[in-house]
Amino acid sequence: MSTKPRVSYFYDHEIGNFYYGPGHPMKPHRLALTHNLVLNYGLQKHMAMFRPRAAPPSVLEEFHTEDYLDFLRRISPDNVAEFSDVLRRFNVGEDCPVFDGLYRYCELYTGASMDCAYQLNNNVCDIAINWSGGLHHARKDEASGFCYVNDIVLAIIELLRYHPRVLYIDIDVHHGDGVQDAFYLTDRVMTVSFHKFGNNFFPGTGDLHEIGARRGKCYSINAPLKDGIDDESYFGVFKPVIEGVMASYRPSAVVLQCGADSLRSDRLGCFNLSLRGHGRCVQFVKSFGLPLLVMGGGGYTIRNVARCWTYETSLLVDVEVPNDLPYNDYFQYFGPDYLLHPKQTSTIENLNTVKYLENMKIQIFEILRGLQGAPSVQMAEIPPEIFLHDDEDWDEPDPDRRVRRMEIPMSAGELYDDADSDPFLVDI
(Lines give C-alpha, C1' and ligand atoms only; values in the text may rest on other atoms or scores of the structure.)
Protein backbone atom coordinates (compact mmCIF):
# COMPACT_ATOMS: atom_id res chain seq x y z
CA MET A 1 0.00 0.00 0.00
CA SER A 2 1.56 3.29 -1.09
CA THR A 3 1.77 6.21 1.29
CA LYS A 4 0.85 9.69 0.13
CA PRO A 5 3.78 12.10 0.11
CA ARG A 6 4.11 14.80 2.73
CA VAL A 7 3.58 18.05 0.85
CA SER A 8 4.38 21.57 2.05
CA TYR A 9 2.96 24.56 0.20
CA PHE A 10 4.26 28.11 0.55
CA TYR A 11 2.31 31.26 -0.23
CA ASP A 12 2.30 34.87 0.91
CA HIS A 13 -0.87 36.90 0.29
CA GLU A 14 1.23 39.94 -0.58
CA ILE A 15 2.87 38.31 -3.60
CA GLY A 16 -0.09 38.67 -5.96
CA ASN A 17 -0.37 42.42 -5.48
CA PHE A 18 2.86 43.43 -7.22
CA TYR A 19 2.50 45.02 -10.64
CA TYR A 20 5.16 45.17 -13.34
CA GLY A 21 3.34 47.99 -15.11
CA PRO A 22 0.86 48.69 -17.93
CA GLY A 23 1.09 46.25 -20.81
CA HIS A 24 3.76 44.08 -19.23
CA PRO A 25 3.06 40.36 -19.75
CA MET A 26 4.33 39.28 -16.32
CA LYS A 27 1.43 39.44 -13.88
CA PRO A 28 2.14 38.32 -10.30
CA HIS A 29 -1.63 38.50 -9.85
CA ARG A 30 -1.72 35.04 -11.46
CA LEU A 31 -0.48 33.72 -8.09
CA ALA A 32 -3.58 35.03 -6.33
CA LEU A 33 -5.77 33.25 -8.88
CA THR A 34 -3.83 30.03 -8.43
CA HIS A 35 -3.95 30.14 -4.63
CA ASN A 36 -7.65 30.93 -4.54
CA LEU A 37 -8.41 28.05 -6.88
CA VAL A 38 -6.27 25.69 -4.78
CA LEU A 39 -8.25 26.70 -1.68
CA ASN A 40 -11.65 26.36 -3.31
CA TYR A 41 -10.79 22.88 -4.55
CA GLY A 42 -9.99 22.03 -0.92
CA LEU A 43 -6.42 20.97 -1.68
CA GLN A 44 -5.16 22.66 1.49
CA LYS A 45 -6.66 19.75 3.43
CA HIS A 46 -4.05 17.45 1.90
CA MET A 47 -0.89 19.45 2.55
CA ALA A 48 0.75 21.67 5.13
CA MET A 49 0.49 25.35 4.23
CA PHE A 50 3.05 27.96 5.28
CA ARG A 51 3.56 31.66 4.92
CA PRO A 52 7.25 31.98 3.99
CA ARG A 53 9.73 34.39 5.50
CA ALA A 54 11.28 37.09 3.35
CA ALA A 55 14.82 36.20 2.33
CA PRO A 56 17.37 38.37 4.18
CA PRO A 57 20.33 39.99 2.39
CA SER A 58 22.73 37.33 3.69
CA VAL A 59 20.78 34.71 1.75
CA LEU A 60 20.56 36.69 -1.47
CA GLU A 61 24.31 37.35 -1.32
CA GLU A 62 24.98 33.63 -1.55
CA PHE A 63 24.69 34.10 -5.32
CA HIS A 64 24.09 37.75 -6.21
CA THR A 65 26.64 40.56 -5.97
CA GLU A 66 26.30 43.14 -3.21
CA ASP A 67 26.22 46.13 -5.57
CA TYR A 68 23.42 44.60 -7.63
CA LEU A 69 21.36 43.81 -4.52
CA ASP A 70 21.99 47.30 -3.17
CA PHE A 71 20.69 48.69 -6.46
CA LEU A 72 17.50 46.58 -6.23
CA ARG A 73 17.02 47.64 -2.63
CA ARG A 74 17.34 51.35 -3.30
CA ILE A 75 15.67 51.92 -6.65
CA SER A 76 11.99 52.84 -7.01
CA PRO A 77 9.78 54.52 -9.63
CA ASP A 78 10.22 57.78 -7.71
CA ASN A 79 14.02 57.87 -7.91
CA VAL A 80 14.75 55.91 -11.09
CA ALA A 81 16.26 58.99 -12.77
CA GLU A 82 18.99 59.02 -10.12
CA PHE A 83 20.15 55.58 -11.31
CA SER A 84 20.09 56.27 -15.05
CA ASP A 85 23.82 55.59 -15.32
CA VAL A 86 23.55 52.01 -14.00
CA LEU A 87 20.20 50.84 -15.41
CA ARG A 88 21.86 49.35 -18.48
CA ARG A 89 24.62 47.80 -16.37
CA PHE A 90 22.05 45.87 -14.34
CA ASN A 91 19.82 45.25 -17.39
CA VAL A 92 16.83 46.99 -15.81
CA GLY A 93 14.42 48.73 -18.15
CA GLU A 94 11.68 47.55 -20.48
CA ASP A 95 11.65 43.77 -19.89
CA CYS A 96 12.72 44.08 -16.26
CA PRO A 97 11.06 47.34 -15.17
CA VAL A 98 11.35 49.23 -11.91
CA PHE A 99 8.05 48.99 -10.02
CA ASP A 100 6.76 49.70 -6.53
CA GLY A 101 7.96 47.09 -4.05
CA LEU A 102 10.47 45.48 -6.42
CA TYR A 103 12.92 44.43 -3.72
CA ARG A 104 10.12 43.23 -1.44
CA TYR A 105 8.82 41.09 -4.31
CA CYS A 106 12.26 39.49 -4.69
CA GLU A 107 12.52 38.88 -0.94
CA LEU A 108 9.16 37.11 -0.86
CA TYR A 109 9.42 34.75 -3.81
CA THR A 110 13.01 33.88 -2.93
CA GLY A 111 12.18 33.39 0.74
CA ALA A 112 9.50 30.89 -0.22
CA SER A 113 11.95 28.86 -2.31
CA MET A 114 14.50 28.92 0.51
CA ASP A 115 11.92 27.70 3.03
CA CYS A 116 11.07 24.88 0.61
CA ALA A 117 14.74 23.87 0.56
CA TYR A 118 15.07 24.13 4.36
CA GLN A 119 12.09 21.82 4.88
CA LEU A 120 13.36 19.27 2.37
CA ASN A 121 16.81 19.32 3.96
CA ASN A 122 15.29 18.74 7.39
CA ASN A 123 12.97 15.96 6.18
CA VAL A 124 9.88 17.93 7.13
CA CYS A 125 8.27 17.10 3.79
CA ASP A 126 8.78 15.00 0.67
CA ILE A 127 7.54 17.64 -1.76
CA ALA A 128 7.70 21.42 -1.35
CA ILE A 129 5.74 23.79 -3.60
CA ASN A 130 6.40 27.47 -4.35
CA TRP A 131 4.45 28.65 -7.39
CA SER A 132 5.80 32.19 -6.95
CA GLY A 133 9.36 30.99 -7.59
CA GLY A 134 11.14 29.61 -10.63
CA LEU A 135 12.62 32.87 -11.97
CA HIS A 136 15.33 31.13 -13.94
CA HIS A 137 16.84 33.92 -16.07
CA ALA A 138 18.35 36.19 -13.40
CA ARG A 139 22.16 36.43 -13.34
CA LYS A 140 24.29 37.08 -10.29
CA ASP A 141 24.78 40.73 -11.25
CA GLU A 142 21.87 41.59 -13.54
CA ALA A 143 18.19 41.09 -14.21
CA SER A 144 16.97 39.19 -17.26
CA GLY A 145 13.71 38.00 -18.75
CA PHE A 146 11.37 39.44 -16.08
CA CYS A 147 13.60 37.89 -13.38
CA TYR A 148 15.60 39.85 -10.80
CA VAL A 149 16.78 37.34 -8.17
CA ASN A 150 17.45 33.73 -9.11
CA ASP A 151 15.62 31.89 -6.36
CA ILE A 152 16.31 28.57 -8.08
CA VAL A 153 20.08 28.89 -7.83
CA LEU A 154 19.83 29.95 -4.19
CA ALA A 155 17.53 27.04 -3.30
CA ILE A 156 19.84 24.55 -5.06
CA ILE A 157 22.84 25.92 -3.15
CA GLU A 158 20.93 25.25 0.05
CA LEU A 159 19.98 21.72 -1.05
CA LEU A 160 23.64 20.99 -1.79
CA ARG A 161 24.43 21.36 1.90
CA TYR A 162 22.73 18.03 2.53
CA HIS A 163 22.43 16.38 -0.90
CA PRO A 164 25.48 15.21 -2.85
CA ARG A 165 23.77 15.62 -6.25
CA VAL A 166 20.84 17.83 -7.24
CA LEU A 167 18.97 17.50 -10.52
CA TYR A 168 17.32 20.60 -12.01
CA ILE A 169 14.56 20.07 -14.61
CA ASP A 170 12.99 22.97 -16.54
CA ILE A 171 9.78 22.66 -18.62
CA ASP A 172 9.32 26.38 -19.26
CA VAL A 173 9.13 27.31 -22.96
CA HIS A 174 12.26 29.43 -22.41
CA HIS A 175 15.68 27.98 -21.72
CA GLY A 176 16.75 27.93 -18.07
CA ASP A 177 19.90 29.89 -18.87
CA GLY A 178 20.54 31.53 -15.51
CA VAL A 179 20.51 28.21 -13.66
CA GLN A 180 22.60 26.42 -16.28
CA ASP A 181 25.24 29.15 -16.22
CA ALA A 182 25.47 29.18 -12.43
CA PHE A 183 26.36 25.48 -12.30
CA TYR A 184 28.11 25.08 -15.65
CA LEU A 185 31.43 24.06 -14.09
CA THR A 186 30.26 21.64 -11.41
CA ASP A 187 29.10 18.03 -11.37
CA ARG A 188 27.16 18.58 -8.15
CA VAL A 189 24.19 19.87 -10.18
CA MET A 190 22.84 18.53 -13.45
CA THR A 191 20.57 20.90 -15.38
CA VAL A 192 18.07 19.55 -17.92
CA SER A 193 15.99 22.00 -19.95
CA PHE A 194 13.23 21.36 -22.52
CA HIS A 195 12.59 24.58 -24.42
CA LYS A 196 12.00 26.39 -27.68
CA PHE A 197 15.25 27.15 -29.51
CA GLY A 198 15.97 29.05 -32.69
CA ASN A 199 14.62 32.00 -34.68
CA ASN A 200 16.02 34.43 -32.10
CA PHE A 201 13.67 33.11 -29.42
CA PHE A 202 14.59 34.43 -25.98
CA PRO A 203 17.13 33.94 -24.43
CA GLY A 204 18.88 32.47 -27.49
CA THR A 205 20.71 29.78 -25.53
CA GLY A 206 20.11 26.10 -24.88
CA ASP A 207 21.59 24.37 -27.90
CA LEU A 208 22.42 20.67 -27.70
CA HIS A 209 26.12 21.47 -27.65
CA GLU A 210 25.93 23.41 -24.37
CA ILE A 211 26.93 20.48 -22.17
CA GLY A 212 28.98 22.06 -19.38
CA ALA A 213 32.71 22.53 -19.03
CA ARG A 214 35.64 21.30 -16.97
CA ARG A 215 34.31 19.32 -14.03
CA GLY A 216 30.78 20.06 -15.21
CA LYS A 217 31.21 18.64 -18.71
CA CYS A 218 28.20 16.50 -19.67
CA TYR A 219 26.20 17.80 -16.70
CA SER A 220 24.18 20.31 -18.72
CA ILE A 221 21.54 18.69 -20.90
CA ASN A 222 19.40 20.64 -23.37
CA ALA A 223 16.45 19.55 -25.49
CA PRO A 224 16.02 22.35 -28.07
CA LEU A 225 12.49 22.10 -29.48
CA LYS A 226 10.65 23.78 -32.33
CA ASP A 227 7.25 25.46 -32.51
CA GLY A 228 4.02 23.59 -31.92
CA ILE A 229 5.19 20.53 -30.03
CA ASP A 230 2.23 18.56 -28.67
CA ASP A 231 1.69 16.32 -25.66
CA GLU A 232 2.72 13.05 -27.30
CA SER A 233 5.85 14.43 -28.95
CA TYR A 234 6.94 16.28 -25.82
CA PHE A 235 6.53 13.33 -23.47
CA GLY A 236 8.19 11.11 -26.06
CA VAL A 237 11.34 13.15 -25.45
CA PHE A 238 10.84 13.98 -21.78
CA LYS A 239 10.31 10.45 -20.44
CA PRO A 240 13.34 8.68 -21.94
CA VAL A 241 15.66 11.64 -21.30
CA ILE A 242 14.67 11.90 -17.63
CA GLU A 243 14.90 8.11 -17.24
CA GLY A 244 18.41 8.23 -18.68
CA VAL A 245 19.40 11.13 -16.45
CA MET A 246 18.07 9.41 -13.34
CA ALA A 247 19.91 6.20 -14.15
CA SER A 248 23.21 7.91 -14.99
CA TYR A 249 23.30 10.75 -12.47
CA ARG A 250 21.39 9.23 -9.52
CA PRO A 251 20.37 12.55 -7.92
CA SER A 252 19.42 12.70 -4.27
CA ALA A 253 17.06 15.69 -4.73
CA VAL A 254 15.19 17.26 -7.65
CA VAL A 255 14.16 20.82 -8.41
CA LEU A 256 11.40 21.10 -11.04
CA GLN A 257 10.59 24.43 -12.72
CA CYS A 258 7.06 24.25 -14.14
CA GLY A 259 6.82 27.31 -16.37
CA ALA A 260 3.29 27.41 -17.78
CA ASP A 261 4.23 29.34 -20.91
CA SER A 262 4.80 25.98 -22.59
CA LEU A 263 1.00 25.52 -22.62
CA ARG A 264 -0.96 26.08 -25.80
CA SER A 265 -2.43 29.56 -26.23
CA ASP A 266 0.13 31.20 -23.97
CA ARG A 267 0.56 34.87 -24.68
CA LEU A 268 4.32 34.53 -25.24
CA GLY A 269 4.71 30.81 -25.89
CA CYS A 270 4.66 28.75 -29.07
CA PHE A 271 4.11 25.18 -27.84
CA ASN A 272 0.91 23.16 -27.95
CA LEU A 273 0.85 21.37 -24.59
CA SER A 274 -2.39 20.75 -22.74
CA LEU A 275 -2.67 20.92 -18.96
CA ARG A 276 -2.68 17.14 -18.87
CA GLY A 277 0.42 16.96 -21.05
CA HIS A 278 2.26 19.47 -18.88
CA GLY A 279 1.08 17.77 -15.70
CA ARG A 280 2.14 14.36 -16.99
CA CYS A 281 5.75 15.54 -16.80
CA VAL A 282 5.26 16.67 -13.20
CA GLN A 283 3.66 13.34 -12.32
CA PHE A 284 6.51 11.44 -13.94
CA VAL A 285 9.19 13.32 -12.01
CA LYS A 286 7.21 12.78 -8.80
CA SER A 287 7.08 9.03 -9.48
CA PHE A 288 10.81 8.64 -8.70
CA GLY A 289 10.07 9.37 -5.04
CA LEU A 290 13.00 11.74 -4.50
CA PRO A 291 12.84 14.92 -2.39
CA LEU A 292 11.19 17.35 -4.79
CA LEU A 293 11.05 21.15 -4.90
CA VAL A 294 8.39 22.34 -7.34
CA MET A 295 8.37 25.93 -8.61
CA GLY A 296 6.43 28.09 -11.03
CA GLY A 297 8.12 30.19 -13.70
CA GLY A 298 6.80 31.68 -16.93
CA GLY A 299 3.15 31.78 -17.92
CA TYR A 300 1.40 34.80 -19.40
CA THR A 301 -2.22 33.84 -20.04
CA ILE A 302 -3.00 33.96 -16.38
CA ARG A 303 -6.28 32.05 -16.32
CA ASN A 304 -4.41 29.07 -17.83
CA VAL A 305 -1.47 29.52 -15.45
CA ALA A 306 -3.88 29.23 -12.52
CA ARG A 307 -5.52 26.17 -14.04
CA CYS A 308 -2.14 24.54 -14.67
CA TRP A 309 -0.57 25.05 -11.26
CA THR A 310 -3.80 24.14 -9.45
CA TYR A 311 -4.04 20.93 -11.45
CA GLU A 312 -0.40 20.12 -10.76
CA THR A 313 -0.93 20.79 -7.05
CA SER A 314 -3.67 18.16 -7.15
CA LEU A 315 -1.29 15.70 -8.82
CA LEU A 316 1.38 16.33 -6.20
CA VAL A 317 -1.03 15.65 -3.32
CA ASP A 318 -2.63 12.66 -5.11
CA VAL A 319 -6.14 14.12 -5.16
CA GLU A 320 -8.38 13.95 -8.21
CA VAL A 321 -10.33 17.16 -8.74
CA PRO A 322 -13.45 17.68 -10.89
CA ASN A 323 -13.27 19.43 -14.23
CA ASP A 324 -15.97 21.92 -13.24
CA LEU A 325 -14.25 24.78 -11.47
CA PRO A 326 -15.50 25.60 -7.99
CA TYR A 327 -16.84 29.09 -7.47
CA ASN A 328 -14.01 31.35 -6.37
CA ASP A 329 -13.08 35.01 -6.01
CA TYR A 330 -11.84 35.15 -9.62
CA PHE A 331 -14.53 33.02 -11.26
CA GLN A 332 -15.05 35.60 -14.02
CA TYR A 333 -11.55 34.97 -15.37
CA PHE A 334 -12.37 31.41 -16.34
CA GLY A 335 -15.39 31.99 -18.57
CA PRO A 336 -17.09 31.13 -20.75
CA ASP A 337 -16.51 27.43 -19.99
CA TYR A 338 -15.51 27.57 -16.27
CA LEU A 339 -13.64 24.29 -16.63
CA LEU A 340 -10.25 23.15 -15.37
CA HIS A 341 -9.52 21.52 -18.73
CA PRO A 342 -11.29 23.63 -21.34
CA LYS A 343 -11.34 22.56 -24.96
CA GLN A 344 -8.66 24.55 -26.76
CA THR A 345 -7.42 24.46 -30.31
CA SER A 346 -4.11 25.65 -31.66
CA THR A 347 -3.21 26.99 -35.08
CA ILE A 348 0.53 26.43 -34.47
CA GLU A 349 1.89 23.64 -36.64
CA ASN A 350 4.08 21.05 -34.94
CA LEU A 351 7.45 21.55 -36.61
CA ASN A 352 9.10 18.80 -34.54
CA THR A 353 9.32 15.85 -36.90
CA VAL A 354 9.81 12.32 -35.64
CA LYS A 355 13.24 12.26 -37.26
CA TYR A 356 14.30 15.52 -35.61
CA LEU A 357 13.23 14.36 -32.15
CA GLU A 358 14.82 10.91 -32.54
CA ASN A 359 18.12 12.44 -33.63
CA MET A 360 18.01 14.83 -30.68
CA LYS A 361 17.44 11.98 -28.23
CA ILE A 362 20.34 10.03 -29.73
CA GLN A 363 22.65 13.00 -29.21
CA ILE A 364 21.44 13.48 -25.61
CA PHE A 365 22.05 9.80 -24.84
CA GLU A 366 25.55 10.14 -26.27
CA ILE A 367 26.18 12.99 -23.83
CA LEU A 368 24.89 10.88 -20.95
CA ARG A 369 27.18 8.04 -21.98
CA GLY A 370 30.05 10.46 -21.49
CA LEU A 371 29.39 10.45 -17.75
CA GLN A 372 31.72 8.30 -15.70
CA GLY A 373 28.92 7.21 -13.41
CA ALA A 374 27.38 9.41 -10.74
CA PRO A 375 30.00 11.68 -9.16
CA SER A 376 31.14 10.65 -5.70
CA VAL A 377 31.01 13.49 -3.18
CA GLN A 378 32.74 13.79 0.15
CA MET A 379 30.17 15.45 2.41
CA ALA A 380 32.45 16.11 5.39
CA GLU A 381 32.63 19.78 4.48
CA ILE A 382 29.30 21.47 3.81
CA PRO A 383 29.05 23.10 1.40
CA PRO A 384 31.78 22.28 -1.13
CA GLU A 385 33.25 24.75 -3.58
CA ILE A 386 30.84 25.71 -6.33
CA PHE A 387 32.17 28.02 -8.99
CA LEU A 388 29.64 30.56 -10.16
CA HIS A 389 31.11 32.01 -13.34
CA ASP A 390 30.71 35.21 -15.31
CA ASP A 391 29.45 34.86 -18.88
CA GLU A 392 32.55 36.65 -20.20
CA ASP A 393 35.02 34.40 -18.40
CA TRP A 394 33.26 31.16 -17.65
CA ASP A 395 36.37 29.02 -18.17
CA GLU A 396 38.28 30.81 -15.39
CA PRO A 397 36.40 30.24 -12.13
CA ASP A 398 37.05 32.60 -9.28
CA PRO A 399 38.77 30.59 -6.51
CA ASP A 400 37.65 33.14 -3.92
CA ARG A 401 33.98 32.78 -4.80
CA ARG A 402 32.73 30.07 -2.47
CA VAL A 403 29.32 29.33 -1.16
CA ARG A 404 28.99 30.30 2.50
CA ARG A 405 26.82 28.45 4.96
CA MET A 406 23.69 30.31 5.98
CA GLU A 407 23.00 30.34 9.70
CA ILE A 408 19.24 30.48 9.33
CA PRO A 409 16.84 28.07 11.05
CA MET A 410 14.15 26.25 9.10
CA SER A 411 10.73 27.86 9.31
CA ALA A 412 7.90 25.84 10.37
CA GLY A 413 -5.17 35.03 -19.74
CA GLU A 414 -6.11 37.32 -17.53
CA LEU A 415 -9.66 38.27 -18.53
CA TYR A 416 -8.31 40.40 -21.37
CA ASP A 417 -4.79 39.54 -22.54
CA ASP A 418 -3.89 43.07 -23.59
CA ALA A 419 -5.43 44.87 -20.62
CA ASP A 420 -3.33 47.43 -18.82
CA SER A 421 -4.67 46.45 -15.43
CA ASP A 422 -6.24 43.49 -13.71
CA PRO A 423 -9.92 43.95 -12.87
CA PHE A 424 -10.39 41.75 -9.83
CA LEU A 425 -7.67 42.63 -7.33
CA VAL A 426 -8.83 40.95 -4.15
CA ASP A 427 -6.55 40.33 -1.19
CA ILE A 428 -7.38 36.85 0.03
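Where is the place of P203? P203 sits in the loop between β5 and β6, where helices and strands are DSSP runs (H or I of at least four residues for helices, E of at least two for strands) numbered from the N terminus. Welcome to this predicted model, in which local features need pLDDT of at least 70, side-chain atom pairs count only at pLDDT 80 or more, and totals for chains, interfaces and linings use all residues. Residues are numbered from 1 along each chain as its sequence is written, and side-chain values use heavy atoms, with hydrogens and water left out.

**The sheet**

- Eight strands form an open sheet in the order β2-β1-β3-β8-β7-β4-β5-β6, with parallel pairing; two strands pair if DSSP finds at least two bridges between them.
- The edges belong to β2 (48-50) and β6 (220-225), each with a single partner strand, so one side of each is left without a neighbour in the sheet.
- On average, neighbouring strands of this sheet are turned by 15° against each other, direction ignored. Axes here are lines fitted to C-alpha atoms, for helices over the stretch in contact, and angles run from 0 to 180 degrees between N-to-C directions.
- Strands of a sheet pair through backbone hydrogen bonds, either parallel or antiparallel.
- Six bridges link strand β5 (residues 189-196) with β6 in the parallel sense. K196 has L225 in β6 as its bridge partner.

**Helices on the sheet**

- Helix α10 (residues 354-369) packs on the sheet and touches β5 and β6, contact meaning heavy atoms within 4.5 Å. The direction of α10 makes about 175° with that of β6.
- Helix α4 lies across β1 (7-10), β2, β3 (127-130) and β8 (292-295), and runs at about 180° to β3.

**α4 with α5**

- The axes of α4 (residues 102-121) and α5 (residues 151-159) come within 9 Å and cross at roughly 20°.
- α4 and α5 are therefore roughly parallel to each other. For such labels, angles under 35 degrees count as roughly parallel, over 145 as roughly antiparallel, 65 to 115 as roughly perpendicular and the rest as oblique.
- Their crossing is right-handed; a crossing is right-handed if the near helix is turned clockwise from the far one by less than a right angle, and left-handed if anticlockwise.
- On the α4 side, Y109, T110, S113, M114, A117, Y118, L120 and N121 take part, and they meet D151, L154, A155, E158 and L159 in α5.
- The residues of this contact divide into eight nonpolar, three polar and two charged. In this scheme Ala, Val, Leu, Ile, Met, Phe, Trp, Tyr, Cys and Pro are nonpolar, Asp, Glu, Lys and Arg are charged, and the others, Gly among them, are polar.

**α7 and its partners**

- Helix α7 (residues 231-249) packs with helix α8 (residues 275-286) at an angle of about 15°, their axes being 10 Å apart. The two helices, α7 and α8, are therefore roughly parallel to each other, and α7 passes α8 in a right-handed crossing.
- Residues D231, Y234, F235, F238, K239, I242 and E243 in α7 meet G277, R280, C281, F284 and V285 in α8. By class, this contact has seven nonpolar, one polar and four charged residues.
- α7 also packs with α10, at an angle of about 10° and with axes 11 Å apart. That makes α7 roughly parallel to α10.
- From α7, S233, G236, V237, P240, V241, G244, V245 and S248 meet L357, M360, K361, I364, F365 and L368 in α10. The contact of α7 with α10 has nine nonpolar, four polar and one charged residues.

**Salt bridges**

- The model has 19 salt bridges, each a side-chain nitrogen of Lys or Arg within 4 Å of a carboxyl oxygen of Asp or Glu.
- One of them joins the side chains of R215 and D187 (3.3 Å, N to O). R215 is in the loop between β5 and β6 and D187 in the loop between α6 (177-182) and β5, so the pair ties together parts that are 28 residues apart in sequence.

**Backbone details in the loops**

- F202 and P203 are joined by a cis peptide bond, with omega about 0°.
- Another cis peptide bond, with omega about 5°, joins G335 and P336; P336 lies in the loop between α9 (302-316) and α10.
- N91 has a positive phi of about 60° although it is not a glycine, and N91 is found in the loop between α3 (66-74) and α4.
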